[in-house]
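Subject: Structure handover and findings

Hello,

The structure is handed over below. My notes on it follow directly after, for you to read with the coordinates open.

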Amino acid sequence: MVNTQDFNKTKANPILERTVKVSRVAKVIKGGRTLRFTATVVVGNGNGELGIGNGKAANVPDAVKKAVSQAKKNMIIIPLINGTLPYEIRAKFCGSVVLLKPAPEGTGIKAGGTLRAISEVLGIKNITTKIWRSTNPSNVVKAAFKGLNSMVDIKNELELRTTTINNNIHSTKEPVSDE
């Protein structure tokens with residue numbers, strides 16, 4: 001799994017934030033309509049850290065501020081190799097299916113608005129993306145976050161597997177005799 005840590009203590013890199021979606025929500029009550037705004041925001045440091053958040057308030061700046069504070073609380077670390085992902089990811093959330101595919105150097109970011117925002121705040125320089133089925137920005141962000149959160153650091157996984165294999169080979173279990 002991807003590592004999480006307390007990001008309020010580490011202020012080395014500035015936090016980048018991109019507003020993905022702002023919606024106006026109306027609640028009809030006895031006296032008329034009450035208008036509120038919801039905002040979906042992605043934040044990152046441009047060096048492999050990513051967080052998403054949703055906020056709801058009476059005006060747009062407050063909704064964005066709430067979303068940013070929520071996104072900073074649930075940031076994760078993504079292992080990047082040479083400005084791209086180590087391997088291909090497919091993830092699904094509700095009706096959205098997302099493909100994030102590493103690309104060779106010089107390709108750039110081939111993505112729509114929602115996945116481009118995620119790639120930019122994450123610090124990915126070369127990536128190819130595709131969205132199937134629903135293109136609702138909220139679901140696309142959550143699908144990409146789910147896929148990125150399920151990524152495994154290849155170096156740590158190889159060390160873990162070789163350690164497990166070596167422990168199993170060197171364990172001395174005596175065979176049971178038929179006496």
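This is a predicted model: local features need pLDDT of at least 70, side-chain atom pairs count only at pLDDT 80 or more; totals for chains, interfaces and linings use all residues.

Every value below is computed from it.

Overall fold

The protein contains 4 helices and 8 strands. Along the sequence they come in the order β-β-β-α-β-β-β-β-α-β-α-α. Of the 179 residues, 35% are buried. Taking the contacts with a separation of 6 or more, 60% are between residues 24 or more positions apart.

Helix α1

Helix α1 runs over residues 60–73, 14 residues in total. From its first C-alpha to its last it reaches 20 Å, close to the 20 Å expected at 1.5 Å a residue. Its buried residues are A63, V64, A67, V68 and A71. These cover an arc of only 135° around the axis, so they sit on the same side of α1. The cover over these buried residues includes the strands β1 (16–29), β2 (32–44) and β3 (49–57). On the face turned away from the buried side, α1 carries the exposed residues P61, K65 and K73.

N54 belongs to strand β3 and counts as partly exposed, at 35% relative accessibility. Its C-alpha is 7.2 Å from that of K66, a residue 12 places away along the chain. Neighbours within four places in sequence aside, N54 is in contact with A39, T40, A67, Q70 and K142. A67 is also among the buried residues of α1.

Helix α2

Helix α2 covers residues 113–122. It is mostly covered, with 7 of its 10 residues buried. The buried ones are T114, L115, A117, I118, S119, V121 and L122. T114 counts as buried at 13% relative accessibility, which is under the 20% cut-off. Apart from neighbours within four places in sequence, T114 is in contact with V20, P137, V140 and V141. Just after α2 comes G123, with a positive phi of about 95°.

The cavity

How many cavities of 30 Å³ or more does a search of the whole structure find? The search finds 1. The lining consists of L100, L115, I118, S119, L122, I124, I127 and L148. By class, that is 7 nonpolar residues, 1 polar residue and no charged ones. Helix α2 gives the most to this lining, with 4 residues. L115, I118, S119 and L122 of the lining are also listed among the buried residues of α2.

I109 is placed in strand β7 (residues 109–110) and is buried, with a relative accessible area of 19%. The cut-off for buried is under 20%. Leaving out neighbours within four places in sequence, I109 is in contact with R116, S119, E120, I124, K125 and I127. Among these, S119, I124 and I127 also line the cavity. I109 and T129 are 20 residues apart in sequence, and their C-alpha atoms are 8.3 Å apart in space.

Backbone points to check

Which residues other than glycine have a positive phi? Two are listed here. N82 has a positive phi of about 55° although it is not a glycine. N82 lies in the loop between β4 (76–77) and β5 (89–93), and is exposed, with a relative accessible area of 68%. R133, also not a glycine, has a positive phi near 65°. R133 is in strand β8 (residues 127–133) and counts as exposed at 59% relative accessibility.

Regards

Conventions: Residues are numbered from 1 along each chain as its sequence is written. Side-chain values use heavy atoms; hydrogens and water are left out. On a 1 Å grid over the protein atoms alone, a cavity is a set of points where a 1.4 Å probe fits but cannot get out, and a pocket is an open set with protein on both sides within 12 Å along at least five of seven lines; lining residues have an atom within 4 Å of a point. Grid points are joined across faces, edges and corners, and a volume is the space filled by probe spheres set on the points. Helices (H or I, at least four residues) and strands (E, at least two) are DSSP runs, numbered from the N terminus. Ala, Val, Leu, Ile, Met, Phe, Trp, Tyr, Cys and Pro count as nonpolar, Asp, Glu, Lys and Arg as charged, and the others, Gly among them, as polar. The expected span of a helix is 1.5 Å times one less than its number of residues. Buried means under 20% relative accessible area, exposed over 50%, partly exposed in between (1.4 Å probe, protein chains only). The arc is that of the directions from the helix axis to the C-beta atoms. Contact means heavy atoms within 4.5 Å.
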